[in-house]
Amino acid sequence: MRDTDRALVQAATAVAKLRCRSDNHTVAAAVRSTDGLVFSGVNVYHFTGGPCAEVVALGAAATQGAGELEAIVAVGDRGRGVIPPCGRCRQVLLDYFPSIRVIVGPPDGLRAVPVSDLLPETYVWSDHQVEVPAGPRTGVWPLPVVPGSRQSAEG
């Protein structure tokens, strides 16, 4: 693992110690851009769901004008150390930054791996978008045709 990756873990750990002091914020993340800038975030827990620390860090980077991101790490509160991203975060990372490396592993074996390694047999959202044929737009939802039904006078 690179020295810059170790520094990223230290940055996320510092944010976890400083900002993760309640059940609302239990994970911190730090992400580094290709030009060396580091952005951080914490999760926002809520019973209806909420963004993970990794997604908040991505938002902070976007808000501050970051370009391409090269590495990310999440760290748990109360000294839990590096934690792997959840499935949703893995998908978001892959969709937005397919070449990003994610720092994972136990304290004595941390490593930075390509996000694609964390999602074998990956679903790539853009590969599954259906192109809608160009045509006149009426602003009206098309009515479904139900077999055996009569068409209305309008149809």
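A polar atom of the N43 side chain lies 2.7 Å from the backbone nitrogen of T26. The model is predicted.

**Residue N43**

- N43 counts as buried because its relative accessibility is 10%, and the cut-off for burial is under 20%.
- Apart from neighbours within four places in sequence, N43 is in contact with N24, H25, T26 and V27, as well as with P51, C52 and A53.

**The largest pocket**

- The volume of the largest pocket is about 170 Å³.
- The pocket is lined by 15 residues, of which V27, N43, P51, C52 and A53 are the closest to its centre.
- Classified by residue type, this lining comprises ten nonpolar, four polar and one charged residues.

**Helix α2**

- Helix α2 spans residues 53-63, and its buried residues are A53, E54, A57, L58, A60 and A61.
- These residues lie on the same side of α2 because they cover an arc of only 160° around the axis.
- The elements that cover the buried residues of α2 include the strands β1 (27-33), β2 (38-42) and β3 (69-76), together with helix α3 (87-96).
- A62 and T63 are exposed, and they are carried on the face of α2 turned away from its buried side.
- After α2 comes G65, which has a positive phi near 80°.

**The largest cavity**

- The count of cavities of 30 Å³ or more comes to one.
- The space in the largest cavity is about 30 Å³.
- Its lining consists of E54, I72, V73, A74, I83, P85, L93, V102 and I103; E54 is also one of the buried residues of α2.
- Strands β3 and β5 (101-104) each contribute at least two residues to the lining of the largest cavity, and β3 provides the largest share, with three residues.
- By class, eight residues of the cavity lining are nonpolar, one is charged and none is polar.

How values were computed: Residues are numbered from 1 along each chain as its sequence is written. This is a predicted model: local features need pLDDT of at least 70, side-chain atom pairs count only at pLDDT 80 or more; totals for chains, interfaces and linings use all residues. Side-chain values use heavy atoms; hydrogens and water are left out. Buried means under 20% relative accessible area, exposed over 50%, partly exposed in between (1.4 Å probe, protein chains only). Helices (H or I, at least four residues) and strands (E, at least two) are DSSP runs, numbered from the N terminus. The arc is that of the directions from the helix axis to the C-beta atoms. Contact means heavy atoms within 4.5 Å. On a 1 Å grid over the protein atoms alone, a cavity is a set of points where a 1.4 Å probe fits but cannot get out, and a pocket is an open set with protein on both sides within 12 Å along at least five of seven lines; lining residues have an atom within 4 Å of a point. Grid points are joined across faces, edges and corners, and a volume is the space filled by probe spheres set on the points. Ala, Val, Leu, Ile, Met, Phe, Trp, Tyr, Cys and Pro count as nonpolar, Asp, Glu, Lys and Arg as charged, and the others, Gly among them, as polar. A polar contact is a pair of N or O atoms within 3.5 Å; within protein, one must be able to donate a hydrogen and the other to accept it, and residues adjacent in sequence count only if both atoms are side-chain atoms.
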